[in-house]
Amino acid sequence: MRLDAAQRWTFVVPTSLGVTRSTCEFAQDELRFTSDDLMGGSQTLPWSSIRQGCTATMPELGGKGLPDLPNGAPSQLEWLLLARTEGGGQPFMRALPQGKDRDAIVAAVEARLGPAWVGTRLPIEQARQRLGIAEAGWSTMKVVGIVVAVLVLLTLLLVLLSLLMQPVITVPAGFVLGAWVCREGLGGLRDALAVANTPTSKAGSAALGLVELEGRAITSEPSTAAVTGRSSVWWDVTVSVWHEDGDRQVEWRQVAARHGGRVDLVEFQDDSMTLPVWLPGATLLVDQRTWDSSKDRLPERGLALLEELGLPWGGEQRITVTEECLEADKRLFVLGTLDERRNVREPSEASAVERGQQLVRSGEWRRALVDAVPAPMRVIVAVLIGLLDMVTQVGRGGERRPRDIVSSPPALAPEALLVWRGHAGRPFVVSDRPGRSALSALRRRSLWVFGLGGAVLCFTLYQFVELFLGQ
């Protein structure tokens, strides 16, 4: 969040449709609230029209021992609620961010209203009673209509899914998927060949184009890894439990994820110079450690994390904890394109296909879909998306995939140098291992991927033969 002399705050709130960006501005005579929320949210409110104010909350949705909620579902919802003196005027009710952002906004509004401020974090029903606000705008019939419409859409989706699972669809899709996975594996083997054939250069003397560099990973804002306590450029932790249902089906289910540090940019340094490495699109080969409660001892920091989550280590429930980490001030191997900042495209300059991939990777497809449907249908589609997220994404709150991060390149002078994935499918590998170790790991992983693609193709071919013989 940002606060300037004009008393203007800019903040973001996660929702099931993606991040909503809002601005709250204090003018001398009015409160101005603007938002890109597709459901509406921008409003100008004269200070003289505000009778009382508070913040209102709903009970926490998550808790100890429960899986993380999807990223768009915060554990606690809190709104800024303002009652108005104007006859028939609807109350002002807008979602607040969490953490320090929320504290700054609430403190400023409280100071502005003075005695008219009646409290913070009041239960929603109590807040309405204190402010004399009746529930309005959502009649029982309207709620029932939305529920029925969502159920109808969900039924249609299930019917469509059943149609898509027919062999006439799954066989061609299997061939396409298998070929794509094989292509990814071959691409990794191609990158491994580039690692083997590209000489290591000093950053200060390397020519523009494909380069291989070895140095250190540095950062001005190190983050402490949650389990091992290592000073890191970035880290990601996932927690999974061994699940058995009544039919004796067993599987690992992720129940929590935590992360820290900036995952889209790392500073590379050798004895010649320092270079930024912009990571989107990179093949990352970094240290990953896993602990199994049935046989391993978890570090103290990890035990504290599980205590916070309400998941006892060493109890009856089998748990695995995985930490992936790029340590600060440690070895960094980079095979990528050395280029000037002026030649690096912004995400907004991507092709139509690349923009589609960005929408999927960032989750912004949800907002694009809701924005594309007629206005009367937006609430229904938004509720359906939120419901599907709750079903499919529970346990993955806070999870991120470094390879799929969509971000803008670093703000540098046009002639400044950086390393990135380059154009025309050039190899881009970033590892915390020496060149030979990175080469071996890349080959091994690529062979596994290629083998997986081959297995998908073989299974699809088997389905095709059965379908042909069955006819």
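What follows is a short chat about rings, charges and a surface patch.

Reader: Before we start, what am I looking at, and how are residues numbered?
Author: It's a predicted model, where local features need pLDDT of at least 70, side-chain atom pairs count only at pLDDT 80 or more, and totals for chains, interfaces and linings use all residues. Side-chain values use heavy atoms, with hydrogens and water left out, and residues are numbered from 1 along each chain as its sequence is written.

Reader: How many aromatic pairs does the structure hold?
Author: Rings of Phe, Tyr and Trp (its six-membered ring) pair if their centres lie within 6.5 Å; planes under 30 degrees apart are stacked, over 60 edge-to-face, and the rest tilted. By that rule the structure holds 7 aromatic pairs.

Reader: Is the pair of Phe11 and Phe33 stacked, edge-to-face or tilted?
Author: Phe11 lies in strand E2 (residues 8-15) and Phe33 in strand E4 (residues 30-35), so the pair ties together parts that are 22 residues apart in sequence; strands here are DSSP runs of E, at least two residues, and helices are runs of H or I, at least four, numbered from the N terminus. Both Phe11 and Phe33 are buried, which means under 20% relative accessible area, with exposed being over 50% and partly exposed in between (1.4 Å probe, protein chains only). Their centres are 6.4 Å apart and the planes sit at 50 degrees, so the pair is tilted.

Reader: And which kind of pair do Trp242 and Trp252 form?
Author: Trp242 belongs to strand E13 (residues 231-244) and Trp252 to strand E14 (residues 250-261), 10 residues apart. Trp242 is partly exposed at 30% relative accessible area, and Trp252 is partly exposed too, at 34%. With 5.0 Å from centre to centre and 65 degrees between the planes, the pair is edge-to-face.

Reader: Which charged end sits over the ring of Trp242?
Author: A charge counts as over a ring if NZ of Lys or CZ of Arg is within 6 Å of the ring centre and within 35 degrees of the ring normal. For Trp242, the charged end is 5.8 Å from the ring centre, and it belongs to Arg318.

Reader: How far apart are the closest N and O atoms of Arg32 and Glu25?
Author: Arg32 is partly exposed, at 32% relative accessibility, whereas Glu25 is buried at 16%. They form a salt bridge, meaning a side-chain nitrogen of Lys or Arg within 4 Å of a carboxyl oxygen of Asp or Glu. The closest N and O atoms are apart by 3.5 Å.

Reader: Which residues are linked with Asp287 in a network of salt bridges?
Author: Asp287 meets Arg289 in a salt bridge of 3.0 Å, N to O. Asp287 is partly exposed at 24%, and so is Arg289 at 36%. The network links Asp287 with Arg230, Arg289, Glu323 and Glu327.

Reader: Which helix gives the most to the nonpolar patch?
Author: The patch is made of Leu157, Leu160, Leu164, Val168, Ile169 and Leu388, with about 490 Å² of accessible area together (Shrake-Rupley method, 1.4 Å probe, only the protein chains shown counting as cover). Patches take residues with over 30% relative accessible area and no salt bridge, joining like charges within 9 Å and nonpolar side chains (Val, Leu, Ile, Met, Phe, Trp, Tyr) within 5 Å. Helix H3 (140-164) and helix H4 (167-197) each supply at least two residues. The one giving the most, with 3 residues, is H3.
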